[in-house]
Amino acid sequence: MQKRTDGHRERLRARLNADPAALPDYEVLELLLGYVLVRKDTKPLAKELLARFQSLRGFLDARDTELENIPGFGPGLRTFRVLLRELLARHTAAPVLRREVMASPEVVAAMAQNRLAGNAHEEIWVAYLDTRNRLLAWERASSGSLETVSLHPRDVVRRALTLKATGIILVHNHPGGSAQPSGPDLQLTEKVAEAAKTMSIRLVDHIIVTDNACHSMTQEGLLIVHTP
């Protein structure tokens, strides 16, 4: 059985090297799982995961609790999935290394969705910008519960001053919910905007993300950006 598995896997690798796009999703996942389950036929597990989560993204974005009762998905694979997610999140956030201009909410939302997809609790992240809206830093500011997260505006402003940032974009997620802002979301936005304004820092946007949607308060007219 081991020789048969090895031969099949080698043929898959050869096809991958020849034309990666030609492999169906289950074979891509099968190969990935094989780097952890090196002595096991991973095709059945790959097909089971795709049947349950509908796509490769669905598998990567799934919550840990959704994977607990899947036979064959043990600690090694859980760690490997965390590593894959972290790689994707850092790849999406690579503009911080090149100081690219944050030209649209979708750019920031994409970073947040890759970082926060599948999270069972709310988190607030902040993009710190220079005068040309180039990204200086992308950092987590607070972590909360399923339905709420708190943030002290002065902490965000203090960090902006340390980074010599002149603009900030707030981003937070609504796990399993709507991207529409809640009353507390609007109140937080107002408090951060006021605290930032006192130090001549612009609150450029507050973006709410879910796994598949995003909401920009600036685009929706809920936040007016004041230029110091």
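Modeller: Happy to! One definition to begin with: Ala, Val, Leu, Ile, Met, Phe, Trp, Tyr, Cys and Pro count as nonpolar, Asp, Glu, Lys and Arg as charged, and the others, Gly among them, as polar. Please keep in mind that this is a predicted model.

Biologist: Thanks! How do the residues of the lining of the largest pocket divide into nonpolar, polar and charged?

Modeller: The largest pocket holds about 340 Å³ of space, and 20 residues line it. Asp64, Arg85, Arg115, Ala117 and Asn119 lie nearest its centre. The lining divides into seven nonpolar, five polar and eight charged residues.

Biologist: Which element gives the largest share of that lining?

Modeller: Two or more lining residues come from each of α5 (64–67), α6 (75–92), α8 (105–116) and β1 (123–129). The largest share is five residues, and they belong to α6.

Biologist: Which kind of aromatic pair do phenylalanine 59 and phenylalanine 73 form?

Modeller: Good one! The ring centres of phenylalanine 59 and phenylalanine 73 are 5.9 Å apart, with an angle of 80° between the planes. Planes over 60 degrees apart count as edge-to-face. So this pair is edge-to-face.

Biologist: And which strands does the pair of tryptophan 125 and tryptophan 138 tie together?

Modeller: That pair is tilted, at 5.2 Å centre to centre and 35° between the planes. Both tryptophan 125 and tryptophan 138 are buried. Their positions are 13 residues apart in sequence, so the pair ties together strands β1 and β2.

Terms used. Residues numbered from 1 in each chain as written. Predicted model: local features only at pLDDT ≥ 70, side-chain atom pairs only at ≥ 80, totals over all residues. Heavy atoms only, no water. 1 Å grid on protein atoms, 1.4 Å probe; cavity = no way out; pocket = protein on both sides within 12 Å on 5 of 7 lines; lining within 4 Å. Points joined across faces, edges and corners; volume = space filled by probe spheres on them. Helix = DSSP H or I, 4+ residues; strand = E, 2+ residues; numbered from the N terminus. Phe/Tyr/Trp six-rings, centres within 6.5 Å; stacked < 30°, edge-to-face > 60°. Buried < 20%, exposed > 50% of the residue type's maximum accessible area, 1.4 Å probe, protein only.
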